[in-house]
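This report describes how two parts of a model are laid out. Please look at the sequence and the structure first.

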Amino acid sequence: MNVKIKGRVWVFGDEINTDLIFPHSAFRVPPEEQVKLVFSDNRPGWSSLVKPGDILIAGKNFGTGSSRPGAVLLRRLGLACMAADSINGLFYRNAISYGFPALQCPGVSKMFEEGDTAEIDMLEGTVTNLRTGETRVGNKLSKLMAEIISAGGIEELLIQEGYMD
Amino acid sequence: MGMTMSEKILARHAGVPSASAGDILTCQVDVAVCHDMFFTVAGQIDFERVNKIADPDKCVVLLDHAVPAPTAKDALGAVKARAFVKKHGIKNFYDVGEHAVIHQLLVEKGFAAPGRLIAAGDSHTCAAGAMNAAARGFGPAEMMYIWCKGETWYQVSPTILYNLHGSFTSQAVTGKDLFLYIAGVYGDATNMNVEFGGEGVGNMTIPQRQSVATMCAEINAEFAIFPCDNVLREFLESRGDQSVNAVDPDPDAVYYDIRDIDLSSLMPYVALPHYIPNNCCPVADVEGTEIHQVLVGSCSNGRLEDIALVASIVKGKRVARGVRFIVTPASQKIYLEALKEGYLETLVEAGAVVTNATCGACYGGHMGLLGPGERCLSTTTRNFKARMGDADSEVMLCAPATAAASALTGRITDPREFLEG
């Protein structure tokens, strides 16, 4: 995992739930089709605009809802990381276990306009808007969580430890 | 320093004398459960490559979301689930015919029990907190990890205590209304545990507690735990549980906040579209709103007492023209009991459609999805945009009595007049 991540920002609001990130329509289609359906109900066409390395910024309770791993679709879509005012605990665990860096940082949603460039330090928990110079400090990734993300997620750990062929 | 119920269960399963908010612990998990979506949904975890599991007797696999299979791909997921349990010697497998919505199954089969640490691949797993257990949902990768290793990490969260007093003053006001009140007034509990106490708990039935505990997923709670009181002990005895490893909070437990609620002050509430925290109001505020579908069911409100209450309201009456009234029991057992009690006959005579026990339309799977411009009043768990069908439909959430009364009028209706006088 890159500790410091710099990228173009997409801004979303509060209460962005798992069913918007990973809609039911994506349950039974192949992974390459799944990513195209991210936010298809609340922002149709967005998934085709994302470029590798982009960063998602959102409001409170990001990822509220289901156990379906929305984080893995965001990662496969090419997003480098995300930060939100607050993140649902189950989504957060999914983010770590699917190797997608996520940061809780109260107030971060007010720092950015779409298209700004953010710099996020996952270990320090800092978010900076490179246009305005504003910086906020959120929750640092713990050592354990950083190790899981660095390994590439839980599945990689299970392969390394011989639990998966 | 005293401990909350959540802290005690985590400390016990980590083999440490105490735990407090902020600690990260590695805990042994008592029971780990996955349903059909673990096997059906593409791109989640390559479970067919797993070669060893820590303890098959601590694993449970069940089919509930898509039973009987509504699509060939759901049928394929079930085929993979059957092959997986055979390969790994998982005896606790519940196939079509003995199925129940996961959170009801864990209670009916005795997996959800006091003091246990329960992991399941479903966000509403906190439902088992009604049984005095610490239970939470995990994604597919972590469920596979827990199956393989028997353990995982937990970060101990701060706890909000709701002290409940008094009792509900109307038969029409039930556990779901308590939850909608909490969510409406206090908003989310993100990164927090929610625990319940106070003498009012003793005035709540087990299904009402299950409803509240399930719904705590919607305020983003980590655990949602009820105490083990006489009502729960009697329930456990009726289930045949011999020993009970219950946890009580210490008198000097440390809470993030303590909030008192008088159950007698509560009334029927609804959650407005498309999210729940700070987005609920009394039924009176939206009374008369037109609806096209009413749904009673799910891990929140598909239990026998819910169906009995709904049947008592519609008995001898007719569902309003233009309204589809769907009742989905939470388990085969409940379905059979409701059949024997005559509730299903009453419902069908009133114009309701009684479906097979399943998660069904709650997650947008099958049996009651919405078209554009339609509004559903539902006792299910979520009101997210597009979850139950078209992106231009709406879901509003309520308790069973409100659902039944509204099915009769075709508009959102206060149910109290249907049960009193």
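Chain B is assigned domain 1 (5-263) and domain 2 (270-419); such bounds come from an automatic or database domain assignment. This is a predicted model, in which local features need pLDDT of at least 70 and side-chain atom pairs count only at pLDDT 80 or more, while totals for chains, interfaces and linings use all residues. Residues are numbered from 1 along each chain as its sequence is written, and chains are lettered from A and ligands numbered from 1 in the order in which they are written.

The centres of domain 1 of chain B and domain 2 of chain B, taken over C-alpha atoms, are 24 Å apart. Where the two domains touch, domain 1 of chain B supplies 33 residues and domain 2 of chain B supplies 38 residues; two residues are in contact if their C-beta atoms, placed from the backbone, lie within 7 Å.

The elements of chain B that give two or more residues to the domain 1 side are these:

| Element | Residue range |
|---|---|
| α4 of chain B | residues 102-108 |
| α6 of chain B | residues 175-186 |
| α7 of chain B | residues 206-215 |

On that side, α6(B) gives the most, with 5 residues.

Chain A has 6 helices and 7 strands; helices (H or I, at least four residues) and strands (E, at least two) are DSSP runs, numbered from the N terminus. The C-alpha atoms of chain A fill a box of roughly 50 × 35 × 25 Å along the principal axes. Among contacts in chain A between residues at least 6 apart in sequence, 67% join residues at least 24 apart.
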